[in-house]
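Subject: Structure handover and findings

Hello,

Here is the structure you asked to take over. My notes on it follow below the entry.

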Amino acid sequence: TRKTLALGYYLEHVEGLPFFNIEDLAAVFQAAKERRPKNMNDAVNKNVARGLLMEAPEKKDSKKAWVLTSTGERYIESSLIK
């Protein structure tokens, strides 16, 4: 779940996406040469339950999309970026 959150942060802050969907996450896992979670939706939902991601106000390519919450951004910036 931490990799999913970190790669979501990358999509927002480096790639400049305002929000992202499952396909975006799958592509960035591939580009990072990281193994995808067996159930990507579960990894996203766990981050939503922890208050680190939330559903975006609109869909992307007709699919549900997410954004990092301010709590999720602070978590990445304080815990994972050094």
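Is D42 buried, exposed or partly exposed? D42 has a relative accessible area of 33%, so it falls in the partly exposed class. Please keep in mind that this is a predicted model.

Salt bridges

The whole structure contains 4 salt bridges. Three of them are described here.

D42 pairs with K46, and the closest N and O atoms of the two are 3.3 Å apart. Both residues sit in helix α3, and because they are 4 residues apart, about one helical turn separates them. K46 is partly exposed, at 42% relative accessible area.

E23 and K63 form another salt bridge, with 2.5 Å between the closest N and O atoms. This pair joins distant parts of the chain: E23 belongs to helix α2, K63 to the loop between β1 and β2, and they are 40 residues apart. E23 has a relative accessible area of 44% and is therefore partly exposed. K63, at 33%, is also partly exposed.

D24 and K60 form a salt bridge whose closest N and O atoms are 2.6 Å apart. Here too distant parts of the chain are linked, D24 being in helix α2 and K60 in the loop between β1 and β2, 36 residues apart. Both partners are buried.

Helix packing

Helix α1 (residues 2–13) packs against helix α2 (residues 22–31) at an angle of about 100°, and the axes are 10 Å apart. The two helices are therefore roughly perpendicular to each other. On the α1 side the contact is made by K3, T4, L7, G8, Y10 and L11, and on the α2 side by D24, L25, V28 and F29. By class this contact comprises 6 nonpolar, 2 polar and 2 charged residues.

Helices α2 and α3 cross at roughly 105°, with their axes coming within 11 Å. This pair is therefore also roughly perpendicular. From α2, the residues I22, L25, A26 and F29 meet M40, N41 and V44 of α3. The contact of α2 with α3 has 6 nonpolar residues, 1 polar and no charged.

Core

The largest nonpolar core has 16 residues, and those touching the most other members are L5, F20, L25, L53 and L68. Two or more residues of this core come from each of α1, α2, α3 and β2. Beyond its neighbours within four places in sequence, L53 is in contact with L5, F20, V44, N47, V48, V67, L68 and T69.

N47, one of those contacts of L53, lies in helix α3. Its relative accessibility is 0%, so it counts as buried. With neighbours within four places in sequence left aside, N47 contacts T1, T4, L5, L52 and L53.

Loops

For K33, phi is near 60°. K33 is placed in the loop between α2 and α3 (40–49) and is exposed, with a relative accessible area of 78%. For D61, phi is near 55°. D61 lies in the loop between β1 (53–55) and β2 (66–68) and counts as exposed at 58%.

R35 is also in the loop between α2 and α3, and at 67% relative accessibility R35 is exposed.

Regards

Definitions and conventions. Residues numbered from 1 in each chain as written. Predicted model: local features only at pLDDT ≥ 70, side-chain atom pairs only at ≥ 80, totals over all residues. Heavy atoms only, no water. Axes fitted to C-alpha atoms, helices over the stretch in contact; angles between N-to-C directions. Parallel < 35°, antiparallel > 145°, perpendicular 65-115°, else oblique. Contact = heavy atoms within 4.5 Å. Nonpolar A, V, L, I, M, F, W, Y, C, P; charged D, E, K, R; others polar. Buried < 20%, exposed > 50% of the residue type's maximum accessible area, 1.4 Å probe, protein only. Core = buried A, V, L, I, M, F, W, Y, C linked by side-chain atoms within 4.5 Å. Salt bridge = Lys/Arg side-chain N within 4 Å of Asp/Glu carboxyl O.
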